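Hi there,

Here is the structure I promised to pass on to you. Have a look at it first, and then read my notes below.

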Amino acid sequence: MEFTDKHVMGLKDLLYRMADDLLILGHRNSEWTGLGPILEEDIAFSSMAQDKIGQSLALYEILQELGENEPDVVAFMRNAEAFHSCQLVELPIGEYDFSLVRHFYFDYQSAIRMDMLKDTVVEPLQMVARKFRGEIKYHTMHADTWMKMLGAGSEEGKARMQKAVMDCAGLALGMFELSDYETELSESGIFAGEEALKTQWIETVSQKLEAFGFDVPDWDTVTPVYGGRKGEHTADLQPLLDEMTEVFRIDPAAEW
Amino acid sequence: MVSTDSIKSILENVMDPEIPTISIVDLGIVTDIQVSPEEEIFVELTPTFSGCPALKVMEELVLEAIKNAGIEKVKVETSFRKQWNTNMISEKGRQALLKHGLAPPEKHEGYIELDVLSDVACPLCGSRNTTMQSPFGPTLCRSIHYCKNCSNAFESFKPVT
């Protein structure tokens, strides 16, 4: 079908959500570099950070083809209000329990979203979605390993993980804040929508949590933390952006 | 006379900057070579991983190698059009990985689970009595393993779908 302006706006909104989530969480993950509880975990979070930032670049490049600014400018020159990332990804890394649960919730969202997009009518998005699936597989596998191990571990470890599972539930549902273009996205075959994604995600993570021995949040009564997709962020995002862009702002025209 | 085959043989001598025993052709990342009637060359590369930092370097190596062969009009592009997976590594490439001390990735059927990742033959002694320590290694494409037979740690080029 022929795309109208609203279809293109919907597509851009979808791409910004995905790219901004990956850039911001990629940056947060990289904060574990040098601080991981064991060397392998240090490397794991650093590798996942690298994957995510690489993936965000591929998505910003598609946005550039759609007439948006070039990736470096988009990544480094916007203020917090211009970011479409959900609030879950911008929070500081906190303790390892929080970072692991965020990783588990986010990466299943990412894996299912890419699965839904592997047959999108937008060809460049279809190609990157197929590419990312193989990479994200390693992320969900890593999350599963730790959720399983800590779910079967000491009383303290399990209790802390369980608390993080409950505490992050509302933030996780915030990933699925509806876009203003849900109808346009689904009718055109671009994307089946946030609601469909949420349904699959709840089914998947609930099954996993149960298998790992955790109590599952009562999703129907959890209040989603919305706002991120519309540019409303916590006080934690702007300092992250200031730090991330510090070098770039010294000399935006520098050749690397 | 420039042909796609002659370009390919030039690229067979362009090595992966992170694994200098394997050429980019054997690695499977050269997804298209075109020669126009005016002898303009187009080479398409595909990333192993989206966040692979070696990619820009490889683009430059390709440009340089072709120009060194006396061909001036060359365009190199990176694209996700054809997505790379580890089944695209040639048999020669798998041997080259071994030579570098890396266990080659197991062939896959488009689906990877933990037990596939853990079942890797040690590149040093050949034993399969090994365990995976971490699916993430010193570069995005490697995992870390331990051989219980010869008591050595080793790396594997991890399978990607």
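This is a predicted model, in which local features need pLDDT of at least 70 and side-chain atom pairs count only at pLDDT 80 or more, while totals for chains, interfaces and linings use all residues. Residues are numbered from 1 along each chain as its sequence is written, with chains lettered from A and ligands numbered from 1 in the order in which they are written.

Let me begin with chain B. Helix 1 of chain B passes helix 3 of chain B in a right-handed crossing (the near helix is turned clockwise from the far one by less than a right angle; helices are DSSP runs of H or I with at least four residues, numbered from the N terminus). Helix 1 covers residues 4-11 and helix 3 covers residues 55-68, and they pack at an angle of about 120° with their axes 10 Å apart. Axes here are lines fitted to C-alpha atoms over the stretch in contact, and angles run from 0 to 180 degrees between N-to-C directions. The two helices of chain B are therefore oblique to each other (under 35 degrees is roughly parallel, over 145 roughly antiparallel, 65 to 115 roughly perpendicular, and the rest oblique).

From helix 1 of chain B, B:Ile7, B:Ile10 and B:Leu11 meet B:Val62, B:Ala65 and B:Ile66 of helix 3; contact means C-beta atoms, placed from the backbone, within 7 Å. By class, this contact has six nonpolar, no polar and no charged residues (Ala, Val, Leu, Ile, Met, Phe, Trp, Tyr, Cys and Pro count as nonpolar, Asp, Glu, Lys and Arg as charged, and the others, Gly among them, as polar).

Now to chain A, whose secondary structure comes to eleven helices and zero strands. Its C-alpha atoms fill a box of roughly 55 × 45 × 30 Å along the principal axes.

One helix pair in chain A is worth a look. Helix 5 (residues 96-117) and helix 6 (residues 123-151) of chain A have axes that come within 8 Å and cross at roughly 150°. That makes helix 5 of chain A roughly antiparallel to helix 6 of chain A. The residues in contact include A:Leu100 and A:Phe104 from helix 5 and A:Phe132 and A:Ile136 from helix 6. This contact divides into 13 nonpolar, five polar and three charged residues.

Finally, how do the chains meet? In all, 18 residues of chain B are in contact with 21 residues of chain A. The side of chain B that touches chain A divides into nine nonpolar, eight polar and one charged.

Best wishes

Methods: Contact = placed C-beta atoms within 7 Å.
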